[in-house]
Amino acid sequence: MVSNKWKSKLFIYDVAAQVAQEFLLHNRFSDLESMLEHASNNIYFTLGVVTEAIDQNFVISKPYLTRSFKILSYKSVIVRLNDHNKPLRLHVITNYLIACLKAGVCDSIAASDVLSRYMPTELPYELKDTHGHFSKSIHLTAYALLSKWRGEVLAVEDIINENTADKIKNSNGYSETEDTIGSLKKLIPWYTLLVSSLLSDTAVTDIEEVIDSAKNTLNIPSSDSYRFNLRMADDIAQVWFAIIIVNNHNIDQLVTELFEYFDNRKINLTPKTLNKFIRICCQYTDLEDMAYELSQQNFERAVQSKVNANEILEDIVEVARAILPLDKMQAELYFGKAIEVSGKIGDENFSRWEALTYHAFNIENIVHDDSQPELAYRFARCAELTHKYMYEDHFNWEKSVKALVNIHPTSSLTIASRWRDRRFGEDEIVINAIGESLLQKELIAPVALLSLLCLESGFNLEKILENIQFETLDSYVQIAIVLIIYQYQVIPNPSENNRALLEHLYSECSLEVDKVRSFLETYELDEIIEKDSRYVSHSIDKKIDWDAIFVNDQLDSNYDYESAKTRYLSIEGNYSLDDNYHNELQRRLSNKYIYKYIESTLEDPKIGMYEVNLIFREIPNKWENRAAVRECFGKNFKLYCRRHAAELFISLRDHDPKLISLMSSVSNLPESEFIKEILLGRSESSELLDSDSLFNMVSMISKVITPDASKSVLEHGLTLLEEELSDDTGDGEWSMDLIPPDTIEAAYAGYLISGLAEPPRLYRRVDCLSQAALSDSQRLS
């Protein structure tokens with residue numbers, strides 16, 4: 001049987017674990033035991049509390065475990081938490097059984113019998129992992145416990161038998177199999193020692209010598225070594241620390257030696273591991289100084305880290321929670337810093353940055369002067385700061401990079417190169433946005449951009465090819481282009497679209513390239529499976545008798561429009577008035593009534609933005625040719641914008657300018673005319689505007705002011721942001737050393753050449769340079 005299949009058991013476990021964590025944090029262990037006493041008949045609550053208590057080195061008394069163990073000991077019972085994460089389940093059961101054995105609730109035979117039901121039937125992926133993605137501590141603790149309770153000595157063969165080793169070799173290769181076995185050989189002595197310490201009533205004899213013996217077999221490489229594995233180092237540090245604490249002998253000296261070992265190898269343990277150490281150090285007088293030292297070290301590391309501010313905030317809060325049981329005032333100081341960081345995170349950061357990018361776009365046509373490179377660099381540094389204090393998926397990389405190109409195109413390439421070197425942002429998104437913008441502005445030869453294919457950047461190939469005039473190129477350049485497309489676009493992704501593109505280009509240029517011709521001749525299309533006709537939808541082209549809908553050809557102010565609507569909606573399949581209806585109605589309107597129709601439609605309070613877009617999306621040709629009609633549209637669109645300023649403001653804030661674009665195209669007025677009306681209407685509203693709305697107003701103002709004014713707004717906004725910059729943001733303060741090359745060509749070549757620092761892609765970078773050089777013989781001089 002499987003006990004308690006009702007859905008809330010995982011919820012009970014989670015609540016119990018969270019409650020236990022908070023009670024232990026505030027040294028309320030007696031209250032926790034009282035709760036266990038009253039909830040001893042709920043096995044999931046007991047498991048949650050016990051798991052957390054053992055993790056934090058607390059001992060649970062026998063009366064609180066007896067009832068739950070009686071249930072667990074039945075051979076037919078398997079407790080599940082509706083969680084497919086096996087290590088969590090295994091961790092829960094091992095902690096619980098350790099607590100039971102220490103409290104004298106069961107013996108090793110009974111504990112072994114229960115644990116064996118929860119052991120994995122196949123080698124867990126966590127133990128096969130040699131890349132440091134997963135911790136091995138949960139599984140190795142369980143294997144070591146099972147061997148100890150069975151009176152055996154754990155060996156690698158107990159975890160990886162011959163069949164398992166063969167499976168690993170077949171899937172991962174011989175070297176990874178050896179790495180897996182090697183890592184287990186290093187870890188098994190430590191977990192064997194930990195389990196012996198956990199299950200012993202007294203300290204292990206000569207614990208110092210035993211730890212030294214295990215330490216001598218480690219051979220952990222330093223952090224700058226190619227084979228360094230932080231997860232492995234973390235696992236060893238945790239088990240080593242646990243051994244010292246459990247034995248409770250010469251703690252101060254042994255913990256100091258532990259940190260000296262990792263410091264000598266320049267290994268920084270993860271914040272999560274250090275916070276765990278801090279919590280345990282708070283329980284021992286001899287380790288209080290160590291708790292203060294580790295908490296300060298972890299706090300400074302969090303503040304100085306170059307990760308997203310949300311991660312910094314979480315790290316600082318965890319440090320504060322770790323030190324809280326020892327020193328409330330110290331924890332409050334850390335919490336204060338966390339509040340300061342959280343104050344800089346929010347949606348207004350998104351709106352502020354959007355406003356700056358809008359104004360950066362508005363200075364596109366400004367005459368470039370000597371200040372532009374510095375302005376571009378300032379914008380890039382502020383982009384790094386904003387990204388840090390913005391939710392990761394809110395930062396608009398493409399728009400920000402294109403704004404950078406607008407400020408100074410040459411600088412955008414040098415900045416992209418530095419961002420790539422410092423692993424800031426996604427290289428592919430950044431260079432693709434720059435390439436697309438440079439191509440659109442005709443600032444770079446499209447042939448040169450083909451080099452991005454060699455970087456696997458995923459640039460839009462069709463967009464590049466559309467801009468290349470192949471008939472003007474020499475044959476050797478045409479051949480080079482075809483080979484680049486063949487090698488870096490078609491071979492990695494031999495889709496029908498890519499193959500057709502290559503074939504078209506190859507035949508158009510009348511080229512002879514053996515391997516390309518051979519590929520095209522031998523390429524076979526995937527078998528096309530015809531769809532079952534029962535599942536193929538067929539669009540029905542409905543024939544509508546418009547004369548029956550609009551009984552009178554001349555539609556004017558006296559016409560019964562409601563009856564026409566009713567007749568149209570009575571046709572099967574017509575559920576609303578669509579653009580077909582409005583197009584036909586407008587075509588049949590009498591010439592004199594057109595102006596009144598436009599005015600009455602836009603004055604109707606029931607006509608929202610969607611309806612306006614639907615009704616006027618396609619106006620009759622005869623309307624477009626009449627200046628008076630366009631003037632009527634302009635006048636009434638302006639009034640509509642003033643009346644509906646609030647909803648139009650929200651639409652523009654959410655980057656949906658379709659209606660404003662429609663108004664502009666129908667009336668022949670610039671979009672700025674309608675945005676002015678929206679801003680005026682918003683300013684007349686009695687509704688208070690929050691900071692988010694105010695920043696969005698600043699964004700819209702960029703559409704109605706001159707490029708010089710936008711540049712002033714941009715400089716002022718950057719100046720305000722720069723107050724929060726640190727010296728290590730970007731490459732520090734602006735200096736003359738940061739001035740980019742004089743030409744786009746030189747900057748682009750520099751971007752490609754700087755990539756040569758990546759050995760695994762060296763051959764691709766060489767192809768990049770060759771391809772770029774084809775577009776301009778002076779490019780790489």
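Good morning. Among the contacts in this chain with a separation of 6 or more, 73% join residues 24 or more positions apart; a contact here means heavy atoms within 4.5 Å. Please note that this is a predicted model, in which local features need pLDDT of at least 70 and side-chain atom pairs count only at pLDDT 80 or more, while totals for chains, interfaces and linings use all residues. Residues are numbered from 1 along each chain as its sequence is written, and side-chain values use heavy atoms, with hydrogens and water left out.

Let me begin with the chain as a whole. It has 43 helices and zero strands. Both are DSSP runs numbered from the N terminus, helices being H or I with at least four residues and strands being E with at least two. Of the 781 residues in the chain, 46% are buried. The term buried means under 20% relative accessible area, exposed means over 50%, and partly exposed lies in between, with a 1.4 Å probe and protein chains only. The accessible surface of the chain is about 40,200 Å², and carbon and sulfur atoms contribute 49% of that. These areas come from the Shrake-Rupley method with a 1.4 Å probe; for residues, only the protein chains shown count as cover.

I turn now to salt bridges. How many does the structure hold? There are 21 salt bridges, each defined as a side-chain nitrogen of Lys or Arg within 4 Å of a carboxyl oxygen of Asp or Glu. I shall present three of them.

E398 is partly exposed at 39% relative accessible area, whereas K402 is buried at 15%.

The next example pairs K565 with E562, whose closest N and O atoms are 3.4 Å apart. Both residues belong to helix α31, residues 561-569, and lie three residues apart, about one turn of the helix. Here K565 is partly exposed, at 28%, and E562 is exposed, at 52%.

R587 is partly exposed, with 48% relative accessible area, but E584 is buried, with 12%. This pair also belongs to a network: salt bridges that share partners join D547, E584, R587 and R588.

Thank you for your attention.
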